[in-house]
Amino acid sequence: MGETGGTGRLDSLTWPEVASVGAGSILAVPLGSTEQHGPLGTDSDVAVALADRLAAARADVFVAPPLPYGSAGEHAAFPGTLSIGAAALELIIVELVRSASAFAGVVLVSGHGGNAAPLAAAVATLRAEGRAVLAWAPRIPGGDAHAGRTETSLLLALRPELVRLDAAEPGDIRPLAAVMGELRRGGVAAVSANGVLGDPAGASAGEGERLLATLAADLVAAVAAWRP
């Protein structure tokens, strides 16, 4: 995709190509996390997939390499979680977008809920500087909060070879609002011993593909409303 005939990926271009098309293009940056999940890279995989679908829908979008680390301290009790914290993430986003001045605008596609607060703070700083930046994150009405049916279905659609359905088990199935106070005080482990907030039972690749299509359409519409 894109005017150079590339794949829509920034890292497939040369700098002269970016110089020739950047002023009329949008850079999509997937923001993920490496944290307690079945596959630890789930949030990054989802963010990349949605950014790629945005690029497939718009020839003026190029996708940057993902940032696979986020603000994920709430998952710190689970081995394998790598978190850079809220302050560092906010600073990284600010500096990254400042450096992307070759592009007409930057869309930050976040696949991890814990990134929300630092992402909002970074966007506020960047917009105050007059920079064109949009933050977007998936919203799935009725979806479970973490590592349940919703995200298991998404991964079955994206990377089925990484999903171990034989090991799937429910966690705390209460609504997120009911556990948020305890979660903020003690992290996910204080709420769910296995880290799951929901129940993966019933997950399927078909459901995951439908969710991806719905989320991608929402992202495309958000970008069109921002920069038609």
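Visitor: How many of the residues of strand β3 are buried?

Guide: Six of the six residues of β3 (residues 105-110) are buried, where buried means under 20% relative accessible area, exposed over 50% and partly exposed in between, with a 1.4 Å probe and protein chains only. Strands (E, at least two residues) and helices (H or I, at least four) are DSSP runs numbered from the N terminus. This is a predicted model, in which local features need pLDDT of at least 70, side-chain atom pairs count only at pLDDT 80 or more, and totals for chains, interfaces and linings use all residues. Residues are numbered from 1 along each chain as its sequence is written, and side-chain values use heavy atoms, with hydrogens and water left out.

Visitor: Which residues point one way from β3, and which the other way?

Guide: G105, V107 and V109 point one way, while V106, L108 and S110 point the other way.

Visitor: In what order do the strands form the sheet?

Guide: The order is β2-β1-β3-β4, in an open sheet with parallel pairing. Two strands pair if DSSP finds at least two bridges between them. The edge strands, β2 and β4, each pair on one side only.

Visitor: Over how many bridges do β1 and β3 pair?

Guide: Strand β1 (residues 26-31) pairs with β3 over six bridges, and L27 has V106 as its bridge partner in β3. On β4 (residues 133-136), β3 pairs over four bridges; there, V106 is partnered by V133 and L108 by A135.

Visitor: Which strands does helix α4 touch?

Guide: Helix α4 (residues 116-128) packs on the sheet and touches β1, β3 and β4. Contact means heavy atoms within 4.5 Å.

Visitor: A new topic: at what angle do α2 and α5 cross?

Guide: The axes of α2 (residues 42-57) and α5 (residues 149-158) cross at roughly 60° and come within 10 Å. Axes are lines fitted to C-alpha atoms, for helices over the stretch in contact, and angles run from 0 to 180 degrees between N-to-C directions.

Visitor: Finally, is V61 buried or exposed?

Guide: V61 is buried, because its relative accessibility is 0%. This residue lies in β2 (residues 61-63) and touches residues including G8, I26 and L54.

Notes:
Lists of a residue's contacts leave out its neighbours within four places in sequence.
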